Amino acid sequence: MSLKVLTWNVEKVTPKSWKKGPVILGRIEQHQPELVCLTEAHADFLRGHVITSQEGYGYPIHDGQRMVVLWSRQPWREVDRFGSGSLPPGLFVSGVTQTSLGDVMVIGVCIPWGFARTEGWRGADRRKLWEDHEDYLGALSAILGRGPTERLIVMGDFNQWIGQGRGNAPIRCRDKLRDVFAGHIRIATADVAFRGRKTIDHIALSDDLVAESLGTISNIHDDGRQLSDHFGVAAEVTARSS
(Lines give C-alpha, C1' and ligand atoms only; values in the text may rest on other atoms or scores of the structure.)
Protein backbone atom coordinates (compact mmCIF):
# COMPACT_ATOMS: atom_id res chain seq x y z
CA MET A 1 0.00 0.00 0.00
CA SER A 2 1.11 3.55 -0.64
CA LEU A 3 0.01 7.01 0.43
CA LYS A 4 0.15 9.99 -1.93
CA VAL A 5 0.82 13.35 -0.27
CA LEU A 6 1.30 16.83 -1.68
CA THR A 7 2.31 20.28 -0.46
CA TRP A 8 2.22 23.63 -2.27
CA ASN A 9 2.38 27.31 -1.36
CA VAL A 10 -0.32 28.73 -3.65
CA GLU A 11 0.45 32.39 -2.88
CA LYS A 12 -3.02 33.45 -1.75
CA VAL A 13 -4.75 32.28 -4.94
CA THR A 14 -8.46 31.69 -4.39
CA PRO A 15 -10.56 28.95 -6.03
CA LYS A 16 -12.30 31.68 -8.03
CA SER A 17 -9.13 33.46 -9.16
CA TRP A 18 -9.51 33.88 -12.91
CA LYS A 19 -7.62 31.04 -14.60
CA LYS A 20 -5.19 30.43 -11.73
CA GLY A 21 -7.44 28.80 -9.12
CA PRO A 22 -9.03 26.13 -11.34
CA VAL A 23 -5.66 25.27 -12.89
CA ILE A 24 -4.02 24.79 -9.49
CA LEU A 25 -6.92 22.62 -8.34
CA GLY A 26 -6.70 20.58 -11.53
CA ARG A 27 -2.98 19.96 -11.07
CA ILE A 28 -3.53 18.87 -7.48
CA GLU A 29 -6.27 16.47 -8.53
CA GLN A 30 -4.05 14.92 -11.21
CA HIS A 31 -1.86 13.51 -8.41
CA GLN A 32 -4.87 11.92 -6.67
CA PRO A 33 -3.45 12.68 -3.20
CA GLU A 34 -4.88 11.38 0.07
CA LEU A 35 -3.27 14.22 2.02
CA VAL A 36 -2.65 17.82 0.98
CA CYS A 37 -0.98 20.73 2.77
CA LEU A 38 -1.45 24.15 1.20
CA THR A 39 0.22 27.26 2.56
CA GLU A 40 -0.81 30.88 1.92
CA ALA A 41 -4.17 29.45 0.89
CA HIS A 42 -7.85 29.93 1.70
CA ALA A 43 -9.96 27.91 4.07
CA ASP A 44 -12.38 26.97 1.27
CA PHE A 45 -9.80 26.28 -1.46
CA LEU A 46 -10.20 22.51 -1.02
CA ARG A 47 -13.60 20.96 -0.41
CA GLY A 48 -14.19 18.16 2.08
CA HIS A 49 -12.24 17.26 5.22
CA VAL A 50 -10.24 20.43 5.90
CA ILE A 51 -8.54 21.82 8.99
CA THR A 52 -6.72 25.15 9.07
CA SER A 53 -4.35 27.17 11.18
CA GLN A 54 -5.66 30.04 13.25
CA GLU A 55 -6.02 33.49 11.75
CA GLY A 56 -3.24 35.92 12.13
CA TYR A 57 0.49 36.30 12.22
CA GLY A 58 0.21 40.04 12.37
CA TYR A 59 -0.71 40.63 8.73
CA PRO A 60 -4.17 41.52 7.35
CA ILE A 61 -6.34 38.49 6.59
CA HIS A 62 -8.78 38.67 3.69
CA ASP A 63 -11.53 36.37 2.41
CA GLY A 64 -10.83 33.45 4.73
CA GLN A 65 -7.11 33.33 4.04
CA ARG A 66 -5.11 30.90 6.19
CA MET A 67 -1.39 30.36 6.22
CA VAL A 68 -1.81 26.56 6.56
CA VAL A 69 -4.61 24.36 5.22
CA LEU A 70 -4.63 20.56 5.62
CA TRP A 71 -6.96 18.34 3.59
CA SER A 72 -7.59 14.59 3.88
CA ARG A 73 -9.89 12.15 2.14
CA GLN A 74 -11.01 11.05 5.61
CA PRO A 75 -12.16 13.07 8.65
CA TRP A 76 -9.67 14.60 11.06
CA ARG A 77 -9.46 14.10 14.82
CA GLU A 78 -7.11 15.28 17.60
CA VAL A 79 -6.90 18.63 15.81
CA ASP A 80 -4.43 21.16 17.20
CA ARG A 81 -4.32 24.73 15.82
CA PHE A 82 -2.13 26.01 18.65
CA GLY A 83 1.01 23.84 18.83
CA SER A 84 2.65 25.70 21.70
CA GLY A 85 2.82 29.12 23.30
CA SER A 86 6.21 29.63 21.67
CA LEU A 87 4.76 29.50 18.15
CA PRO A 88 3.37 32.66 16.57
CA PRO A 89 -0.35 32.19 15.86
CA GLY A 90 -1.59 31.21 12.43
CA LEU A 91 1.36 29.16 11.16
CA PHE A 92 0.60 25.64 12.44
CA VAL A 93 -2.09 23.00 12.40
CA SER A 94 -1.99 19.26 13.09
CA GLY A 95 -4.38 16.35 13.17
CA VAL A 96 -4.73 12.60 12.87
CA THR A 97 -6.52 10.99 9.93
CA GLN A 98 -7.08 7.55 8.46
CA THR A 99 -5.04 6.74 5.32
CA SER A 100 -4.00 3.79 3.19
CA LEU A 101 -1.18 3.25 5.71
CA GLY A 102 -3.50 3.45 8.72
CA ASP A 103 -3.72 6.36 11.13
CA VAL A 104 -1.21 9.12 10.37
CA MET A 105 -0.49 12.32 12.28
CA VAL A 106 0.06 15.25 9.93
CA ILE A 107 1.64 18.53 10.96
CA GLY A 108 1.22 21.44 8.56
CA VAL A 109 3.70 24.30 8.92
CA CYS A 110 4.49 27.68 7.45
CA ILE A 111 7.89 28.59 8.86
CA PRO A 112 8.40 32.39 8.64
CA TRP A 113 10.68 33.70 5.92
CA GLY A 114 13.81 35.60 6.82
CA PHE A 115 12.26 39.08 6.56
CA ALA A 116 9.13 38.25 8.58
CA ARG A 117 8.01 41.17 10.76
CA THR A 118 11.12 43.26 10.02
CA GLU A 119 10.52 46.10 7.58
CA GLY A 120 7.56 48.31 8.50
CA TRP A 121 7.28 47.03 12.08
CA ARG A 122 8.08 49.12 15.12
CA GLY A 123 8.83 48.70 18.77
CA ALA A 124 8.40 45.33 20.44
CA ASP A 125 6.74 43.89 17.30
CA ARG A 126 9.79 44.46 15.11
CA ARG A 127 12.03 41.40 14.66
CA LYS A 128 15.59 40.93 13.48
CA LEU A 129 16.29 39.17 10.19
CA TRP A 130 15.52 35.43 10.50
CA GLU A 131 14.52 35.85 14.17
CA ASP A 132 10.95 34.57 13.69
CA HIS A 133 12.29 31.72 11.58
CA GLU A 134 14.70 30.60 14.31
CA ASP A 135 12.09 30.95 17.05
CA TYR A 136 9.64 28.85 15.06
CA LEU A 137 12.23 26.11 14.56
CA GLY A 138 12.92 26.04 18.30
CA ALA A 139 9.23 25.66 19.10
CA LEU A 140 8.75 23.02 16.38
CA SER A 141 11.66 21.00 17.76
CA ALA A 142 9.93 20.86 21.15
CA ILE A 143 6.62 19.83 19.54
CA LEU A 144 8.28 17.02 17.58
CA GLY A 145 10.16 15.92 20.69
CA ARG A 146 6.97 15.19 22.57
CA GLY A 147 4.99 13.85 19.60
CA PRO A 148 4.71 10.40 18.01
CA THR A 149 7.78 8.75 16.50
CA GLU A 150 5.87 6.70 13.92
CA ARG A 151 3.29 7.41 11.22
CA LEU A 152 4.17 11.12 11.30
CA ILE A 153 4.33 13.54 8.36
CA VAL A 154 5.42 17.18 8.60
CA MET A 155 4.91 19.26 5.47
CA GLY A 156 4.47 22.78 4.27
CA ASP A 157 6.57 25.85 3.56
CA PHE A 158 9.93 25.51 5.33
CA ASN A 159 11.34 28.67 3.68
CA GLN A 160 14.73 27.03 3.29
CA TRP A 161 16.56 25.28 0.50
CA ILE A 162 18.05 22.04 1.75
CA GLY A 163 20.61 19.61 0.37
CA GLN A 164 23.96 20.22 -1.25
CA GLY A 165 25.29 23.65 -2.09
CA ARG A 166 24.73 27.12 -0.76
CA GLY A 167 21.45 27.70 1.03
CA ASN A 168 19.15 30.73 1.11
CA ALA A 169 19.37 31.07 4.90
CA PRO A 170 22.21 31.90 7.31
CA ILE A 171 24.33 28.92 8.34
CA ARG A 172 22.94 29.03 11.87
CA CYS A 173 19.40 28.63 10.52
CA ARG A 174 20.42 25.83 8.17
CA ASP A 175 22.08 24.02 11.06
CA LYS A 176 19.05 24.53 13.29
CA LEU A 177 16.70 23.10 10.64
CA ARG A 178 18.94 20.05 10.27
CA ASP A 179 18.95 19.60 14.05
CA VAL A 180 15.14 19.74 14.20
CA PHE A 181 14.90 16.88 11.70
CA ALA A 182 17.97 14.90 12.81
CA GLY A 183 16.11 12.47 15.07
CA HIS A 184 13.22 10.20 14.18
CA ILE A 185 12.00 12.28 11.24
CA ARG A 186 13.82 13.20 8.04
CA ILE A 187 13.16 15.60 5.18
CA ALA A 188 12.45 13.50 2.08
CA THR A 189 12.41 16.41 -0.38
CA ALA A 190 15.85 17.88 0.38
CA ASP A 191 17.12 17.51 -3.19
CA VAL A 192 13.92 18.23 -5.12
CA ALA A 193 14.14 20.98 -7.73
CA PHE A 194 12.10 22.30 -10.66
CA ARG A 195 13.68 24.09 -13.62
CA GLY A 196 16.93 24.42 -11.71
CA ARG A 197 15.30 25.94 -8.64
CA LYS A 198 15.40 24.10 -5.30
CA THR A 199 12.20 23.65 -3.37
CA ILE A 200 11.52 25.40 -0.09
CA ASP A 201 8.24 23.48 0.32
CA HIS A 202 9.05 20.16 1.98
CA ILE A 203 7.72 16.81 3.13
CA ALA A 204 9.34 15.18 6.17
CA LEU A 205 8.61 11.60 7.26
CA SER A 206 9.11 9.60 10.43
CA ASP A 207 11.68 6.81 10.09
CA ASP A 208 9.04 4.09 9.62
CA LEU A 209 7.93 5.78 6.39
CA VAL A 210 9.81 6.15 3.12
CA ALA A 211 9.22 8.21 -0.01
CA GLU A 212 9.22 5.71 -2.88
CA SER A 213 8.89 8.49 -5.44
CA LEU A 214 9.04 12.28 -5.47
CA GLY A 215 7.67 14.72 -8.00
CA THR A 216 7.01 18.38 -8.67
CA ILE A 217 3.94 20.32 -9.77
CA SER A 218 4.58 23.07 -12.27
CA ASN A 219 3.74 26.60 -11.18
CA ILE A 220 3.71 27.78 -14.79
CA HIS A 221 0.38 28.23 -16.58
CA ASP A 222 0.06 26.97 -20.14
CA ASP A 223 0.10 30.62 -21.26
CA GLY A 224 3.48 31.14 -19.55
CA ARG A 225 2.26 33.09 -16.52
CA GLN A 226 3.10 32.10 -12.97
CA LEU A 227 0.36 30.37 -10.99
CA SER A 228 2.31 30.90 -7.77
CA ASP A 229 5.85 31.92 -6.82
CA HIS A 230 6.30 28.34 -5.52
CA PHE A 231 6.05 25.04 -7.37
CA GLY A 232 4.37 22.10 -5.66
CA VAL A 233 5.97 18.94 -4.29
CA ALA A 234 4.42 15.46 -4.20
CA ALA A 235 5.49 12.12 -2.74
CA GLU A 236 4.30 8.53 -2.77
CA VAL A 237 4.92 7.19 0.72
CA THR A 238 5.08 3.58 1.89
CA ALA A 239 5.83 1.82 5.17
CA ARG A 240 9.52 0.99 5.53
CA SER A 241 10.34 -2.71 5.42
CA SER A 242 11.48 -4.14 8.74
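Buried means under 20% relative accessible area, exposed means over 50%, and partly exposed lies in between (1.4 Å probe, protein chains only). This is a predicted model: local features need pLDDT of at least 70, side-chain atom pairs count only at pLDDT 80 or more, and totals for chains, interfaces and linings use all residues. Numbering runs from 1 along each chain as its sequence is written, and side-chain values use heavy atoms, with hydrogens and water left out.

**Stop 1: the cores.** A nonpolar core is a set of buried Ala, Val, Leu, Ile, Met, Phe, Trp, Tyr and Cys residues joined through side-chain atoms within 4.5 Å. Select V5, I107, L144, I153, V154 and F181. In the largest nonpolar core, of 52 residues, these touch the most other members. Now centre on I153. Contact here means heavy atoms within 4.5 Å. Leaving out residues up to four places away in sequence, I153 touches L3, V5, L35, V104, M105, V106, I107, I203, A204, L205 and L209. Next, pick W8, A41, V69 and I217. They are among the 16 residues of a second, separate core.

**Stop 2: a surface patch.** Select W113, F115 and L129. Together they make a nonpolar surface patch of about 320 Å². Patch residues have over 30% relative accessible area and no salt bridge; like charges are joined within 9 Å, nonpolar side chains (Val, Leu, Ile, Met, Phe, Trp, Tyr) within 5 Å. Areas come from the Shrake-Rupley method with a 1.4 Å probe; for residues, only the protein chains shown count as cover. L129 sits in the loop between strand 7 (102-110) and helix 2 (131-146). Its relative accessible area is 46%, so L129 is partly exposed. Helices (H or I, at least four residues) and strands (E, at least two) are DSSP runs, numbered from the N terminus.

**Stop 3: salt bridges.** A salt bridge puts a side-chain nitrogen of Lys or Arg within 4 Å of a carboxyl oxygen of Asp or Glu. The count is 10. Select R77 and D103: their salt bridge is 2.2 Å, N to O. R77 lies in strand 5 (residues 76-80) and D103 in strand 7, so the pair ties together parts that are 26 residues apart in sequence.

Move to R178 and D175. Their closest N and O atoms are 3.4 Å apart. The two are three residues apart in helix 3 (residues 171-180), so about one helical turn separates them.

Then take D223 and R225, bridged at 3.0 Å, N to O. D223 is partly exposed at 41%, and R225 is partly exposed at 34%.
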